[in-house]
Amino acid sequence: MLSDEECLKAIEIMGESFPNAHSSLVADTDFHFLLAVIMSAQTTDKAVNILSPKLFETYKTPYELAEANVADVMTLIKTIGLYRNKAKYLVACAQKIVSDFHGVVPQSRKELMSLPGVGRKTADVVMAECFGIPAIAVDTHVTRVSKRLRMVAQDADVLKIEQTLMKKLPKSIWIAAHFRMIYWGRYQCMARSPKCESCPLLKMCAEGKRRVEKG
DNA sequence: ATCCCGAGGG
DNA sequence: CCCTCTGGAT
């Protein structure tokens with residue numbers, strides 16, 4: 001396992017490659033950003049950004065989406081994976097925001113997670129992006145990158161990963177670290193063919209060295 | 001543990 | 001063709 005200092009160093013090196021990594025989901029309001037994050041589950045944000053302008057134009061507020069026909073929403077988001085479940089979540093989520101939160105996206109993790117289709121990862125992303133609340137959302141990229149680098153135990157689940165990273169990294173860089181690991185996972189440490197040979201982190205990466213050794 | 005699930009990349 | 005994409009609910 002990497003020490004706290006080594007973890008911080010790794011995050012800093014990622015920052016040199018991706019100096020201003022930020023969310024690539026496009027949304028004009030907190031409500032629309034929440035919808036985009038729900039839709040991004042097991043789906044590239046690029047795919048979400050293609051359909052979201054029309055969806056957001058059609059349903060500008062929670063009040064409008066709460067009255068929507070689920071079938072109509074399905075048609076609008078049919079190009080992304082898991083679209084049937086997501087369409088139901090989006091409408092149910094809008095309805096609950098109207099009924100329980102006066103039409104305003106709540107800020108606490110507990111309240112966010114009470115919304116249909118919103119789990120810990122989605123709640124963390126919204127807290128960080130919309131409200132500036134420090135959090136480390138653990139998704140497929142963060143899981144893969146932190147495990148390959150041995151920042152966390154190989155058998156850690158997403159909650160354990162989040163807790164370990166929060167303990168090892170200063171709160172002031174949690175949000176930046178999240179986005180840097182996302183970009184690292186997308187463009188350097190990809191799931192299938194990571195670019196280990198040219199990786200700036202190779203010297204401190206157990207998995208990278210193992211892969212290079214192996215060929 | 002299992003289901004959902006289209007599009008893009010290798 | 002097969003794998004992966006900022007997961008969550010049952």
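Guide: Buried means under 20% relative accessible area, exposed means over 50%, and partly exposed lies in between, with a 1.4 Å probe and protein chains only. This is a predicted model, in which local features need pLDDT of at least 70, side-chain atom pairs count only at pLDDT 80 or more, and totals for chains, interfaces and linings use all residues. Residues are numbered from 1 along each chain as its sequence is written, and side-chain values use heavy atoms, without hydrogens and water.

Visitor: Is Tyr183 buried or exposed?

Guide: The relative accessible area of Tyr183 is compared with the limit of under 20%. Its value is 13%. Tyr183 is therefore buried.

Visitor: How many aromatic pairs are there?

Guide: Rings of Phe, Tyr and Trp (its six-membered ring) pair if their centres lie within 6.5 Å; planes under 30 degrees apart are stacked, over 60 edge-to-face, and the rest tilted. By this rule, the number of aromatic pairs is four.

Visitor: What is the angle between the planes of Phe18 and Tyr183?

Guide: Their ring centres are 5.7 Å apart. The pair counts as tilted, and the angle is 50 degrees.

Visitor: Which helix holds both Tyr183 and Tyr187?

Guide: These two residues form a tilted pair, with 5.9 Å centre to centre and 45 degrees between the planes. They are four residues apart, about one turn of the helix. Helices are DSSP runs (H or I, at least four residues), numbered from the N terminus, as strands are (E, at least two). The one that holds both residues is helix 11.

Notes. Chains are lettered from A and ligands numbered from 1 in the order in which they are written.
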